[in-house]
Amino acid sequence: MAPKAAKGAKPQPASAPPPPGAKPEEVKKDDKEPSDKPQKAVKDDKEPSDKPQKAVQPKHEVGTRKGCRRYRWELRDSNREFWLLGHAEMKILSLGCLIAAMILLSSLTVHPILKLIITMEISIFSFFILLYSFAIHRYIPFILWPISDLFNDLIACVFLVGAVVFAVRSRRSMNLHYLLAVILIGVAGLFAFIDVCLQRNHYRGKRTKKHMLVPPPGKDKGPQEGKGPEPAKPPEPAKPPQPAKGKK
């Protein structure tokens, strides 16, 4: 005998028999009733992550780097440009020749102006090598360093060639050390001239930007700033007094 259904309860439909050949797992899935709970809406947009994302920095520009990160980038970029373009090799060779010439002339009695020229050029070449090696010129933008380096190489070439001519004319007989020192001074001037040619190739095909040294306009400019003062209005003529009432 089947149990009687409770009063008020709806009669449940009898489950249909499973089709032949159906797997028991599929039968269980079909017998499951749909859930009354509403399904959660799937969000199409991805939720923003709480972690701050690093901005992608450009390779050939300093970008938004600051502090030590900017100095490391400036140092690497300055040395890459200094060595790959050949300026470092020419300056180091000129410096080595001048130091060797100074050592050879230190044991001889020569005119003091010759030692002065060699000492001056050694200090200037050392200054530019340190300037480019430590990227100091990147933090002093108000000086046009490529132009100053070009003029320095030209002046160094002229001074060293003049030193060779002066050293040859000041002595009639030259020993071996003196002759080697004069040759080294001339070779240093030759390397300086080669550096001038390398810098000329660097400037070829480049144009100066217009309004490069013009300062940008101020942000807090008033609407009438920069205009002259407005002309003063002439005073209005005084009105004659009106007669009192009852009097002519």
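**Notebook: helix packing and core**

I looked up H2 against H4 in this predicted model: the axes of helix H2 (residues 68-84) and helix H4 (residues 112-133) come within 8 Å and cross at roughly 130 degrees. That makes H2 oblique to H4, where oblique is what remains after under 35 degrees (roughly parallel), over 145 (roughly antiparallel) and 65 to 115 (roughly perpendicular). Axes are lines fitted to C-alpha atoms, for helices over the stretch in contact, with angles from 0 to 180 degrees between N-to-C directions. Helices are DSSP runs of H or I, at least four residues, numbered from the N terminus.

I then listed the contacts (heavy atoms within 4.5 Å). Leu75, Ser78, Asn79 and Phe82 of H2 meet Ile129, Tyr132 and Ser133 of H4.

Next I checked the core, a set of buried (under 20% relative accessible area, 1.4 Å probe, protein chains only) Ala, Val, Leu, Ile, Met, Phe, Trp, Tyr and Cys residues joined through side-chain atoms within 4.5 Å. The largest nonpolar core has 34 residues, and Tyr178 is among those with the most contacts inside it. H4 gives the most to this core, nine residues. Leaving out residues up to four places away in sequence, I found Tyr178 touching Leu105, Leu108, Val110, Leu114, Ala167, Ser170 and Arg171.

Last, I read the pLDDT, the predictor's confidence in each residue from 0 to 100. The chain mean is 75, with 56% of residues at 70 or more. Helix H1 (residues 24-31) is lowest at a mean of 50, and helix H3 (residues 87-105) highest at 94.

Residues are numbered from 1 along each chain as its sequence is written. Local features need pLDDT of at least 70 and side-chain atom pairs 80 or more, while totals for chains, interfaces and linings use all residues, and side-chain values use heavy atoms, without hydrogens and water.

Note on methods
Helix = DSSP H or I, 4+ residues; strand = E, 2+ residues; numbered from the N terminus. Buried < 20%, exposed > 50% of the residue type's maximum accessible area, 1.4 Å probe, protein only.
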